[in-house]
Amino acid sequence: MQQSARALPPLDFDGLRPPSPFMTDVHARWCARVRDFVTREIEPNLATWEAAGTFPDSLYETAARAGLLGVGFPERLGGNTEHADPYFRVIFSEEMHRPGVGVVFADLATHWIGLPPVVQFGAPDLQESIARPVLAGKKRIAFAVTEPSGGSDAGALRTSAESRDGHWLVNGAKTLISGALRADYILTAVRTGAAGAGGISLLLIDAASPGVERRAVPGLRWYNSSIGTIEFRDVQVPQDRLIGPENKGFAGLAKQFNIERLSGIAATLAMSRTALAEAIAWAQQREAFGKKLVEHQALRHKLVDAVRSVRIAYAYLDQCIWRLQQGDNAVADIAMLKVQATRTLERVAREAMHVLGQHGYDGTNRVERIYREARIFAIGGGTEEILNDLAARQLGI
Ligand SMILES: Cc1cc2nc3c(=O)[nH]c(=O)nc-3n(C[C@H](O)[C@H](O)[C@H](O)COP(=O)(O)OP(=O)(O)OC[C@H]3O[C@@H](n4cnc5c(N)ncnc54)[C@H](O)[C@@H]3O)c2cc1C
């Protein structure tokens with residue numbers, strides 16, 4: 001039987017995402033809602049925010065009013081889509097990164113990693129007093145694990161919390177903490193027991209407590225004045241701010257890392273699509289040696305290589321999400337996909353800059369910023385070495 005010819009999708013941001021067998025109209029509507037928010041509230045302001053090195057705190061409340069901050073959190077605390085599948089968060093992360101900027105999402109979504117342990121383990125009144133205002137965008141929470149002495153070996157962290165006279169006494173320091181300077185609460189990994197992963201607990205610390213000092217980390221021109229170092233000097237924390245069982249906080253960290261990796265994968269693949277779409281559009285109109293850039297085989301192959309690597313990563317992502325939906329945490333595959341996705345972004349950003357030539361540096365496109373930010377994704381959320389080791393352990397290699 002002769003098949004009718006189907007129109008090829010344009011190779012723009014949407015067309016570069018291969019069709020997913022698992023996504024439905026419900027996902028399309030959610031995507032449209034997030035895109036509308038990003039188009040109205042974020043994109044027109046990016047240049048100003050980049051020059052200022054920050055974005056206004058009011059964006060949190062605006063995002064909450066648009067129903068975006070509560071994604072995946074319980075409705076009883078002001079959340080929405082509590083039982084929705086992982087595509088909701090993946091789509092949110094993709095749409096937030098579509099303009100080619102990572103930092104707005106990184107700050108706006110710190111509650112994705114900071115809040116779940118509070119919701120899971122906190123007493124009902126603590127959940128109400130912390131989670132509700134955070135989900136309403138009125139308060140902010142950061143998640144602090146990394147220390148100046150290192151982040152990869154989280155089981156070796158040194159910030160201590162001693163039980164003294166009815167409270168915890170916290171001493172130590174954290175660094176490179178997203179949203180640290182804006183945070184009202186800091187979910188902090190501390191050592192409450194013996195050396196190693198078995199002696200770690202999670203404490204919810206009020207950022208305004210006496211003895212908490214915060215300062216900015218200059219950063220890699222990732223216009224983010226909110227990423228910071230936090231020092232704790234004899235900070236007194238009430239006993240009931242222990243989140244989860246004492247000395248068993250490491251398992252909670254691991255769970256949060258999986259969420260962080262999935263949003264990082266979505267971020268890198270979205271930025272890859274944005275960069276690639278710009279490079280393809282440019283190569284189709286720019287001429288050199290009397291013909292379009294795409295008519296030069298060497299450049300055409302660069303673009304096809306990039307499309308191929310994006311499609312492969314998305315096929316893997318769809319499979320991982322399907323497994324998550326079946327209740328399988330897919331830890332090894334999500335770790336490997338994070339490595340694959342960040343390498344895809346690094347490669348695609350390099351090739352896109354290459355195809356753009358001087359246009360890559362003239363300030364009129366998003367590729368230069370994506371190129372600049374690509375490296376960060378290979379560090380935050382777990383470096384390649386750490387994720388490869390994790391995958392090897394999980395796979396029994
Ligand atoms: C933009 C950004 C935002 C961040 N936000 C947060 C946040 O909100 N909260 C938070 O807690 N942290 C955050 N981090 C910190 C991040 O988690 C750490 O940077 C990361 O865990 C790596 O730690 P490190 O930088 O101390 O590197 P190190 O641990 O010093 O490692 C340095 C290098 O050595 C490699 N290495 C280490 N151990 C091994 C090994 N066994 N085998 C082979 N190689 C190894 C690493 O892969 C890395 O390449 C953020 C980082 C960035 C860049």
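Which of the 17 residues around the ligand come nearest?

Mentor: The model is a predicted one, in which local features need pLDDT of at least 70 and side-chain atom pairs count only at pLDDT 80 or more, whereas totals for chains, interfaces and linings use all residues. Numbering starts from 1 along each chain as its sequence is written, and side-chain values use heavy atoms, with hydrogens and water left out.

The nearest are T146, G151, S152, T383 and E385, out of 17 residues around the ligand (a residue is near if one of its heavy atoms lies within 4 Å). By class, this shell comprises 10 nonpolar, 6 polar and 1 charged residues, with Gly counted as polar and Tyr and Cys as nonpolar. Strands β1 (141-144) and β3 (167-177) and helix α13 (384-395) each contribute at least two residues to the shell; helices (at least four residues) and strands (at least two) are DSSP runs.

Among the polar contacts (N or O atoms within 3.5 Å), one comes from a side chain: a polar atom of T146 is 2.7 Å from a ligand nitrogen. Of the 980 Å² that the ligand exposes when taken alone, the protein buries 64% (Shrake-Rupley method, 1.4 Å probe).

Turning to the rings, two pair if their centres lie within 6.5 Å, with planes under 30 degrees apart called stacked, over 60 edge-to-face and the rest tilted. By this rule there are 6 aromatic pairs. One of them, F92 with W112, is tilted, at 5.6 Å centre to centre and 45 degrees between the planes. This pair links distant parts of the chain, 20 residues apart: F92 belongs to helix α4 (residues 87-97) and W112 to helix α6 (residues 110-114). F92 counts as buried because its relative accessibility is 2%, and W112 is likewise buried at 2% (buried is under 20%, exposed over 50%, partly exposed in between).

W49, F55 and Y60 make up one aromatic cluster. The ring of F55 also has the charged end of R182 over it, 4.0 Å from its centre, and R273 lies over the face of F13 at 3.8 Å from the ring centre. Such a charge (NZ of Lys or CZ of Arg) must be within 6 Å of the ring centre and within 35 degrees of the ring normal.

Key: Buried means under 20% relative accessible area, exposed over 50%, partly exposed in between (1.4 Å probe, protein chains only). A polar contact is a pair of N or O atoms within 3.5 Å; within protein, one must be able to donate a hydrogen and the other to accept it, and residues adjacent in sequence count only if both atoms are side-chain atoms.
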